[in-house]
Amino acid sequence: MKNSRQFRPATQLVHGGTTRSGFGETSEALYLTQGFVYDSAEAAEARFKGEEPGFIYSRYANPTVDMFEKRMCLMEGAEEARATASGMAAISAALLCQLRAGDHVVSARALFGSCRWIVETLLPKYGIESTLVDGRDLANFEAAIRPNTKVFFLESPTNPTLEVTDIAGVAKLANQIGAKLVVDNVFATPLLQKPLELGAHVVAYSATKHIDGQGRCLGGVILSDKDWIDEHLQDFYRHTGPSMSPFNAWTLLKGLETLPLRVRQQMENAGRIADFLANHPAVARVIYPGRADHPQADICARQMKGGSTLVAIELKGGKEAAFSLQNGLEVVKISNNLGDTKSLITHPATTTHKNLSEEARDELGIGPGVLRFSAGIEDIDDLIEDFDRALSGL
C-alpha cells in the first residue's frame, strides 16, 4: 500500500506491507517454498553477497513472512522485525542474541513461567548472570544495576496478576548505562501500548495470542530499530533457525485484519466482568488495569490507551473454590491460552506457573485462589450470567 504510514492502525492492519504477485490477488499470497530459483549462477552469487535484492532461503526470509513483519512494523512503529515460530522463540532470541558470558540481566520477577525459566535457569547455564526484582518499584531496577548489566527485561501488564511497570522509567535507566530494554508486550497488544514510543529498545510478542486470536497457530515476532536487528539478531536468526512458517505468517496476516475489532470487544467484556466480580462476596480481589483501584492505576493511565483483555481474580475459598468455579462455567472454557475470541480461564498455580516454587508464587501473589480470565467476544450478558451461575455454587 502506497504511503501506508499515513493511515491509522485499523487501515494499516488490513492493507499494510502487502505485496502482490503478477496475478494481483486480493488476499496475501501464501509462498510455501523452502528455496528460490536464480536466473544465473552470477545472480545467485550476487544475492548471497547482498549485492542483489531477493530471497535466498525461507529460513532466512520468505515473501509471506516478510509481509507479516512489515505489517507489524507499521503497527508498532518499528524499523525492522523478525517473525519466529512461537512467542518463546521470540523471547529467547531477543535475549540470547545480544548477551554473552559475563553479562548481567535485570528482570522484573513477575513473568510468564517459561520467560522466568529463561532468566533464572537458561541464561546462567551460559555464564550470564541475572537478578529478579519487584518491577512495581523503579528503584528496584536501579538498585540491581551492576557494571556488567547489559539488558533489562520485563512484561507489562504481567502474567497473571496484571502488575504494571513504568516502561519509560526503566528505559531511562537503561539508556543511562548503555543497556537495552526488552519488553514482552503480549498482554497489552500493540493497540493499547507501544513500548518503543515509551523508550524501549526491543519489543517481543507471542503472536499466538491476540494477533492470531482464534486458536489456530503459533507465532512470535521481535521488533526494534534496523541497527539492533543487523548487529545482534540477524545472524542469530539466520543460523539458529527460529523462523516462522509461511503458512502461520499467512494465518497471522488474516488475524491482524480483525485485531482492532476483537481487542475492542474483548477489552469491553473484560472491564464489565471485572466490575461484576469486584462486587461479588465470593471474590477476595480483582485486578484489572482499567479500574481505578488497580495498584498502579497512575502508570496504567500514563502508558496504556485502555485496560487489558485479561482480568486477575482471587477467590476467598482458595484452590477448591477456583476449581469449582472453573468446572461450573459453561460459556467460558478452561484453557491456558489467552487473547482468543473465546473466553478462557486458567488456574496459574497448577498450570502456567506450576514450576515456580510455592515461595516464588506467594511472592508474586499467585495464591491457590487466583484465576486468570481472558475475555472473548461473546455477548457480555451471557458471560456475566455464566460467572453468576458458577459462583452461586461456591
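**Exercise 1.** Against which elements do the buried residues of α5 pack?

*Solution.* The model is predicted: local features need pLDDT of at least 70, side-chain atom pairs count only at pLDDT 80 or more, and totals for chains, interfaces and linings use all residues. Residues are numbered from 1 along each chain as its sequence is written, and side-chain values use heavy atoms, with hydrogens and water left out.

Step 1. Helices (H or I, at least four residues) and strands (E, at least two) are DSSP runs, numbered from the N terminus.

Step 2. Buried means under 20% relative accessible area (1.4 Å probe, protein chains only); in α5 this applies to G113, C115, R116, I118, V119, L122 and L123.

Step 3. With contact taken as heavy atoms within 4.5 Å, these buried residues pack against the helices α4 (87–96) and α14 (358–364) and the strands β2 (104–108), β3 (129–133), β4 (149–155) and β5 (180–184).

**Exercise 2.** Determine why the span of α5 agrees with expectation.

*Solution.* Step 1. The expected span is 1.5 Å times one less than the number of residues.

Step 2. Helix α5 (residues 113–125) has 13 residues and so should span 18 Å; its end C-alpha atoms are 18 Å apart, which agrees.

Step 3. After α5 comes G127, with a positive phi near 80°.

**Exercise 3.** Describe the open sheet that contains β11 and β12.

*Solution.* Step 1. Its five strands follow the order β8-β9-β12-β11-β10, with mixed pairing; strands pair if DSSP finds at least two bridges between them.

Step 2. β8 (283–287) and β10 (333–334) are the edge strands, each pairing on one side only.

Step 3. β11 (residues 344–346) and β12 (residues 370–374) pair in the antiparallel sense over three bridges, and T346 stands opposite R372 in β12.

How values were computed: Buried means under 20% relative accessible area, exposed over 50%, partly exposed in between (1.4 Å probe, protein chains only).
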